Amino acid sequence: MPINSNHRILIFTIKNKHPIALEEIKAILESLRAQVKFDRIERGLVLLKTDLKTALILSQRASLIKYVGLLLGSTCDEAIEKLVKLIKEAANESLPFSFSILTSDFSKIDEMASKIRRVFRNSYVNLDNPLIPIEIMKLEENSFILIPLRSSRLDITRYQPQYRPYAPSATMDAEISRLIVNLTRCNYADIFLDPFCGSGSILLEASRIGCYTLGLDINPRLVYGAQFNFQSLLHDDANVVIGDASRMPFQDDSIDAIGTDPPYGRSALVIGKNLKDLYRAFLQESYRVLRRRKHICFCAPLEMRDYLNSLIREIGFEKRTQFAMKVHKGLTRLITVLFVP
Ligand SMILES: C[S@@+](CC[C@H](N)C(=O)[O-])C[C@H]1O[C@@H](n2cnc3c(N)ncnc32)[C@H](O)[C@@H]1O
């Protein structure tokens, strides 16, 4: 299958988080500088055209994608035409071609599967070890015939706090941590900083996509805890030190991405400052250490929105996006993405 040519890629996002999932998809594509054309966007579904390599990276990096597949068609005829093309391409490269079709038990879908099998008279059908697995999926009135690409969701859930050796109460879950990492538009080999790293949730996710990670936390116990998590989950040392996010020990213009979850002034510890002063000092420092055109994604309690928005302008950041995400009844998190112009 040609890697560089454009394919139609169908993405099912987590339905009730669709607008945020879309932000995440766009941020990852931006970090890859990928050429993409969006064909259809609706709740729970995104259809875009891009090359296979981009689609694979997208499926493995995103936290809010449930399923990614290369679309063969929405009707049997479209899918059959595409399969014939793939068979010819495989033959030109002397590759053996075979496929299997997985269906659920909706009768209309089963009909589609048997029609496709009939057309190929089972000659390319191999249920045990197919070169290409094909799935037929249904969303409301639409059917989609797809070649599935591996999605990272299962992989992300394996790193949830319950599977970590050290997970104090303010620990962030792996899905949101990965979302924050992706919204920073960071890339493989970038220098990624979390200046309020706590037990290291965000740093773990940034490391898992190949960033070089640095962490600060004012509480020594959490610094040791982050180190413990890195060693047991990634079998690697964490670059985390005891430090103050309002006086970062880094040179100007030295960091490629910042993703962080500062204290909210509730259970998580705030040392030496009131909350507004702490956010001001941390954002000023972030502006100083971030390289130009690079992004920061950070959380804050929703009540701080007006204060933060005037602070952002005062410091000189440009805003990319800002949205609220409910944590529980008493707390809504404001997630803000900014860049240094
Ligand atoms: C909400 S928690 C971060 C949780 C973290 N994302 C995790 O999953 O474990 C905020 C952290 O900020 C740290 N902190 C508070 N004031 C700080 C400061 N001035 N500089 C650096 N860290 C600070 C706290 O010790 C706490 O670990």
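A salt bridge is taken here as a side-chain nitrogen of Lys or Arg lying within 4 Å of a carboxyl oxygen of Asp or Glu. By this rule, three salt bridges are found across the interface of domain 1 and domain 2; Glu30 forms a salt bridge with Arg185, with 3.3 Å between the closest N and O atoms. The model is a predicted one, in which local features need pLDDT of at least 70 and side-chain atom pairs count only at pLDDT 80 or more, whereas totals for chains, interfaces and linings use all residues. Residues are numbered from 1 along each chain as its sequence is written, and side-chain values use heavy atoms, with hydrogens and water left out.

The domain assignment of the chain gives domain 1 (1-151) and domain 2 (157-339), the bounds coming from an automatic or database assignment. The centres of the two domains, taken over C-alpha atoms, are 35 Å apart. To the contact (heavy atoms within 4.5 Å), domain 1 gives 15 residues and domain 2 gives 14 residues. Between them the domains bury about 1,300 Å², of which 52% is on carbon and sulfur atoms; buried area is the accessible area (1.4 Å probe) that two parts lose on being put together, summed over both.

On the side of domain 1 that touches domain 2, the elements giving two or more residues are α1 (18-31) and α2 (52-61), helices being DSSP runs of H or I with at least four residues, numbered from the N terminus. The largest share of this side, seven residues, comes from α1.
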